[in-house]
Structure formats: structure tokens, C-alpha cells
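Keep the viewer open as you read.

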Amino acid sequence: MTETVRTPWHLWLVGVVSLLWNAFGAYDYTMTNLRNQAYLESMGYPAEGIAYLDAFPIWAHSGWALGVWGAVIGSVLLLMRSRFAVWSFALSIVGIALTTLYEAGADMPPELAEIQPGWFPILLWSIAVFLLVYAISMRRKGVLR
């Protein structure tokens, strides 16, 4: 006989909020890579920022994509109560680590540094680690199948 574990209310809250947060990251990734001029102007993105992104090596750009899309998929899988949310959030952290590694050694133009506050990477890492730990916790409790 299989026991059914009820879905806690906070899973829906965390899942929806994380999907909204990560959907904006996916939107930013997509619009930036499509070089959508209206979006870049609305975000105050300088021309130096585009040149900086164009200098990303393929491994750093791949890390950015993995970080963004891994988190979006992880959020969807969390809402679906899938145990694969853990793996997706873990891959997202690998992607963030690759991008962070590149950015730590790259010279970010001052114009770009002005629009990206210094605390943003801390926030990004905090949310990503929280989502991974949360998904692991839900898997251990039997909420994720």
C-alpha cells in the first residue's frame, strides 16, 4: 500500500514565486541575446555591456544559459512535484558557477557595473541555493515523486 504525501501549501508559494523570478531571468537572457533594442534601452544597457557579453567565451555563455534555463525548468518541475527538480536546480547552480567564475576574472565595464548592483550576485546565489535545498527537502519528505 502506497501512502500519499500531501502537498504543503508552501510548495505552491515557493514554486510560483520561483517561476516568476526565473521567468524574468529567462526573459532577460532571451531579450539580451536577441539584442532587442527596446528591451536593452528600457534596462539602461550600455553599448559597452553588449561588447562585454560578446566577449564571453562559449563556456561562460553556456553557463549563463544553463543557469537560467535550469532554474526555469526546476521551478516548473517543482510545481509538478517531480523529483527531477533537484537535478534541474543543481544544474542551474553549475551554470551560475561557470558564469561567476568567468565574471570574477573579466573586466566588467564601469558603465555595466553601474546598472548591476554589487549585491545582485549574492541575491542570485542565495535564491539558487535556497531552491536547491528546498527541493532536496521536499524530495526527502516524499513530496516530490
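**From the tail to the helix pairs**

Valine 143 lies in the segment after H7, where helices (H or I, at least four residues) and strands (E, at least two) are DSSP runs, numbered from the N terminus. Before going further, a word on the ground rules: this is a predicted model, in which local features need pLDDT of at least 70 and side-chain atom pairs count only at pLDDT 80 or more, while totals for chains, interfaces and linings use all residues. Residues are numbered from 1 along each chain as its sequence is written, and side-chain values use heavy atoms, with hydrogens and water left out.

Is valine 143 buried or exposed? Its relative accessible area is 3%, so valine 143 is buried; buried means under 20% relative accessible area, exposed over 50%, and partly exposed in between, with a 1.4 Å probe and protein chains only. Leaving aside neighbours within four places in sequence, valine 143 is in contact with Val5, Arg6, Thr7, Pro8, Leu11, Arg81 and Met138, contact meaning heavy atoms within 4.5 Å. Valine 143 and serine 82 are 61 residues apart in sequence, yet their C-alpha atoms are 8.5 Å apart in space.

Now zoom out to the chain. The protein chain holds 7 helices and 0 strands, and its elements run α-α-α-α-α-α-α from the N terminus on. Taken along the principal axes, the C-alpha atoms fill a box of roughly 60 × 30 × 25 Å. Of the 145 residues, 38% are buried. Among contacts with a separation of 6 or more, 80% come from residues 24 or more positions apart.

One of the contacts of valine 143, Leu11, also takes part in the meeting of H1 with H7. Helix H1 (residues 9-33) and H7 pack at an angle of about 145 degrees, with their axes 12 Å apart. Here axes are lines fitted to C-alpha atoms, for helices over the stretch in contact, and angles run from 0 to 180 degrees between N-to-C directions. The crossing of this pair, H1 and H7, is left-handed: a crossing is left-handed if the near helix is turned anticlockwise from the far one by less than a right angle, and right-handed if clockwise. From H1, His10, Leu11, Val14, Ser18, Trp21 and Asn22 meet a set in H7 made up of Phe120, Leu123, Leu124, Ile127, Phe130, Leu131, Tyr134 and Met138. By class, the contact of H1 with H7 divides into 11 nonpolar residues, 3 polar and no charged. In this scheme Ala, Val, Leu, Ile, Met, Phe, Trp, Tyr, Cys and Pro count as nonpolar, Asp, Glu, Lys and Arg as charged, and the others, Gly among them, as polar.

The next pair is H4 with H5. Helix H4 (residues 58-79) and helix H5 (residues 84-105) pack at an angle of about 155 degrees, and their axes are 7 Å apart. That angle makes H4 roughly antiparallel to H5, since angles under 35 degrees count as roughly parallel, over 145 as roughly antiparallel, 65 to 115 as roughly perpendicular and the rest as oblique. H4 passes H5 in a left-handed crossing, and the contact of H4 with H5 has 17 nonpolar, 9 polar and no charged residues.

H4 has 22 residues and reaches 31 Å from its first C-alpha to its last, close to the 32 Å expected at 1.5 Å a residue; the expected span is 1.5 Å times one less than the number of residues. H5, with 22 residues, reaches 33 Å, close to the 32 Å expected.

Which residues of H5 are buried? They are Ala85, Val86, Ser88, Phe89, Ser92, Ile93, Gly95, Ile96, Thr99 and Tyr102, and their cover includes helix H3 (47-54), H4 and helix H7 (120-140). Take serine 92: its relative accessibility is 3%, so serine 92 counts as buried. Not counting residues up to four places away in sequence, serine 92 touches Leu66, Gly67, Gly70 and Ala71.

Finally, look at the backbone in two loops. Most residues other than glycine have a negative phi. Arginine 81, in the loop between H4 and H5, has a positive phi of about 60 degrees although it is not a glycine, and arginine 81 is buried at 12% relative accessible area. Arginine 35 sits in the loop between H1 and helix H2 (37-42) and has a positive phi of about 55 degrees, but arginine 35 is partly exposed, at 28%.
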